[in-house]
Amino acid sequence: MALVVLIVAIAIVVIGYKFYAAAIDRNIVQANPKKATPAVMYNDGVDFMPASGSVLFGYQFKSIAALGPIVGPIVAVQWGWLPAFLWLMLGVFFIGWVQDYAAAMMAMRNEGLTMGGLAYKFISPRARGILLTFLYFYLLLIMGAFGAVVAGLLANPVVPIGLLILTLAGVLAGQMTYRWKMDLVMTTIITVLIALVGIWLGTTGPAQNIVKAINGLAGTGDKHILYQTPYGPMTWPVFFWGIVALAFCYLGSVLAIWRFAQPVNYVSFWFVALGLIGSVLGVAIAAIFGTTDVAFHIPAFVTWNQPKLGWLWPMLFVTISCGAISGWHSLVSTAGTARQLEKETDALPVGAGAMFTEAILATLAVIFAATAIAKPDGSVIYDANNMYFLKVKAGAVWMYGMSRFLSWIPGISPAMGGAIGAIFLAVMALTVMQLVLRFMRVASAELVGDKIPAFKNPHVGTIVAILFTFLILWTAFWQRIWVLFGGANQLFAGLALLLITIWLANEGKKYAWAFWPAVFMYITTVAALLVVAWKSFQAMTKPDIGAAFAFGNAVAGLIGLFLAITAIVLAYDGLKSLSKARQKAAAQAGD
Amino acid sequence: MTEKEKRSFLTKMLHSIQDVIYGMASHDMARQALKTRGSMEHLFILITMGDLLGVPILPPYYSLRLLPYVVPQISTWKRRMLRERDLTDALA
């Protein structure tokens with residue numbers, strides 16, 4: 001079944017790209033290879049720089065593919081693997097690529113403006129203000145959602161030492177490249193090898209004993225429960241390693257980018273790429289030769305109403321964001337890619353191509369999840385007696401999947417495969433978290449720096465952002481935070497699609513292919529955010545809930561409510577602008 | 001497809017794969033280095049040629065001595081200095 005699903009996904013992606021996307025690019029947007037792009041016109045060697053389509057495809061894919069396409073499907077298979085797979089395919093086919101590609105085209109045809117500038121130009125000055133505030137909360141939710149996943153992964157004894165050595169290898173890569181001016185190929189070989197040896201060391205007994213000793217510092221073994229939450233116990237290892245993950249992000253935020261964040265991400269990239277290629281081949285080999293069990297153990301359809309997550313509509317559509325559609329991509333397409341595209345015709349393979357490829361990665365996550373219901377030792381992953389409720393952190397599912405699908409490579413034991421899977425996921429999350437924290441620091445300095453000058457200090461801005469993240473991390477149910485993050489992400493996508501619609505209407509082009517996806521995304525995500533806010537407020541009023549969780553739920557509820565209200569205001573302003581654009585286009589057609 | 005065409009096709013494909021890997025692994029690093037250099041250069045031009053934007057800093061004698069080296073970059077420098085920005089620019 002796994003191979004069938006993978007082949008169907010590839011077929012849908014190829015059809016979507018070759019026929020639907022290419023037709024819109026050719027007939028409606030009419031990309032013109034002879035038209036000068038902002039990268040060429042305004043080439044300043046800083047913000048605007050032309051690069052080839054292949055280079056930008058790699059850049060775009062690396063920038064958009066993080067934890068989203070992996071964790072979302074792992075959580076969403078609780079409704080059944082088919083709804084998750086269908087949403088991935090329909091989402092990417094009709095909505096996902098539209099946003100990524102058209103956002104790049106829109107920015108390119110508007111002098112390389114970013115989302116803030118485009119909202120100002122096409123909607124209203126108020127829209128830009130709301131968008132930027134919205135952005136801060138969105139980033140906070142990324143930190144909360146990703147941070148929870150990383151904390152859970154690091155609590156596993158085979159992971160921290162490997163990750164630590166990989167980080168040190170990254171710092172060494174920075175030193176070798178920028179200070180010692182060594183050849184990049186040599187630097188890569190040395191540091192990637194150090195990282196791989198480090199990961200292997202992490203799986204050995206002595207290294208695990210060190211981590212187990214840390215995990216046991218709070219007493220009573222390595223599963224010491226610090227406090228009970230309404231969503232399960234908070235153990236000391238998860239609590240402690242969560243703080244370590246935030247400290248890691250702090251370094252990434254305040255140190256010079258060449259010193260820490262960039263070289264660590266560079267070494268991590270090789271690791272993630274090798275892991276990904278290995279596991280894709282692993283699924284194919286397992287399906288063909290039967291080396292690993294690839295039968296789907298989760299039913300195609302489980303329920304319309306997942307007790308812990310809610311109704312399939314609207315919750316599934318925000319649980320899976322990246323892979324189907326994600327607002328983050330519009331930020332990358334406008335601020336990053338659109339300013340580097342050398343030719344307009346490159347927008348299709350770069351924007352749409354990278355999005356379709358990401359859908360394949362998300363399909364891989366569906367396969368990992370649907371084939372893993374319990375481990376060989378009997379521990380349950382998805383509880384078949386309880387509506388297939390996910391009993392472990394999403395990271396553990398991926399880890400288990402990698403341990404199985406990498407086992408075809410000689411010398412990779414299940415423990416090593418699991419460690420690779422965990423570190424793979426942790427570095428993907430930490431890469432984004434460092435960038436997000438850095439951005440939150442800049443955002444707080446810009447938003448409140450004039451009123452509270454302390455926020456202009458990078459340490460203050462970073463620490464405040466970390467404290468907010470900490471609050472979310474330890475007082476709220478992570479699956480709810482994941483849904484809130486997905487909701488914010490999808491709303492951002494809805495806004496990007498609305499902007500694209502207004503731009504197309506202003507240009508007098510057909511816009512239904514962007515407008516209806518925008519409507520769907522808006523209605524679905526506002527509904528999902530209101531549901532989450534309602535559930536959070538309900539949980540807050542339970543008599544037996546502790547003060548911290550009442551507070552955590554209040555925060556989650558208020559964020560959900562705030563995002564829903566801002567979205568409605570933005571939609572109101574956006575529809576007014578759309579109406580004006582239509583009238584303008586009609587008047588021009590009349591002339 | 002002739003042998004020559006096959007070779008050319010394979011070479012092109014290899015180049016594309018190289019480019020994709022470079023885009024994923026190193027493009028950001030190269031861009032960041034160029035950005036740092038560009039920002040330093042633009043800062044230097046602001047110090048020496050600030051009067052072009054109404055910021056008189058150095059005596060014109062030094063500005064004039066440096067002018068031939070700066071001329072090729074003046075237009076992009078002015079555009080960058082005067083371009084409106086917001087938070088979403090920081091993601092680029």
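**Entry 1. Confidence**

Helix α4 (residues 74–82) of chain B is lowest with a mean of 84, and helix α1 (residues 3–25) of chain B is highest at 90. I noted that helices (H or I, at least four residues) and strands (E, at least two) are DSSP runs, numbered from the N terminus. The mean pLDDT over chain B is 85, and 98% of the residues score at least 70.

For the complex, the predictor gives an ipTM of 0.87 and a pTM of 0.90.

I recorded the conventions: residues are numbered from 1 along each chain as its sequence is written, and chains are lettered from A and ligands numbered from 1 in the order in which they are written. As the model is predicted, local features need pLDDT of at least 70 and side-chain atom pairs count only at pLDDT 80 or more, while totals for chains, interfaces and linings use all residues.

**Entry 2. Chain B as a whole**

I found 4 helices and 0 strands in chain B, in the order α-α-α-α from the N terminus on. Along the principal axes, its C-alpha atoms fill a box of roughly 65 × 35 × 20 Å. I then looked up the radius of gyration (taken over C-alpha atoms; the globule rule is 2.2 Å times the number of residues to the power 0.38). A compact globule of 92 residues would come out near 12 Å, but chain B has 21 Å.

I next examined burial (buried: 20 or more other C-beta atoms within 10 Å of the residue's own; exposed: 12 or fewer; partly exposed: in between; C-beta atoms placed from the backbone). In chain B, 21% of the 92 residues count as buried.

**Entry 3. Chain A as a whole**

Chain A holds 21 helices and 6 strands. Its C-alpha trace spans about 80 × 65 × 55 Å along the principal axes. A compact globule of 591 residues would have a radius of gyration near 25 Å, and the 23 Å of chain A agrees with this. I noted 59% of the 591 residues as buried.

I also looked up contacts (two residues whose C-beta atoms, placed from the backbone, lie within 7 Å). Of the contacts in chain A with a separation of 6 or more, 81% join residues 24 or more positions apart.

**Entry 4. Where the chains touch**

The contact takes 38 residues from chain A and 28 residues from chain B. On the side of chain A, the elements that each supply at least two residues include α6 (115–122), α12 (261–289) and α17 (414–448). The largest share, 8 residues, comes from α3(A). By class, I recorded 23 nonpolar, 9 polar and 6 charged residues on this side. Here Ala, Val, Leu, Ile, Met, Phe, Trp, Tyr, Cys and Pro count as nonpolar, Asp, Glu, Lys and Arg as charged, and the others, Gly among them, as polar.

Leu425(A) lies in helix α17 of chain A. This residue is buried, because 29 other C-beta atoms lie within 10 Å. Beyond its neighbours within four places in sequence, Leu425(A) is in contact with Leu67(A), Ile70(A), Val149(A), Leu153(A), Gly395(A) and Trp398(A).

With neighbours within four places again left aside, Leu499(A) is in contact with Met106(A), Leu118(A), Ala119(A) and Phe122(A). Leu118(A), Ala119(A) and Phe122(A) are among the buried residues of α6(A). That helix is mostly covered, with 6 of its 8 residues buried.

**Entry 5. Helix α12(A)**

Just after α12(A), Gly290(A) takes a positive phi of about 70 degrees.

Technical notes
pLDDT is the predictor's confidence in each residue, from 0 to 100.
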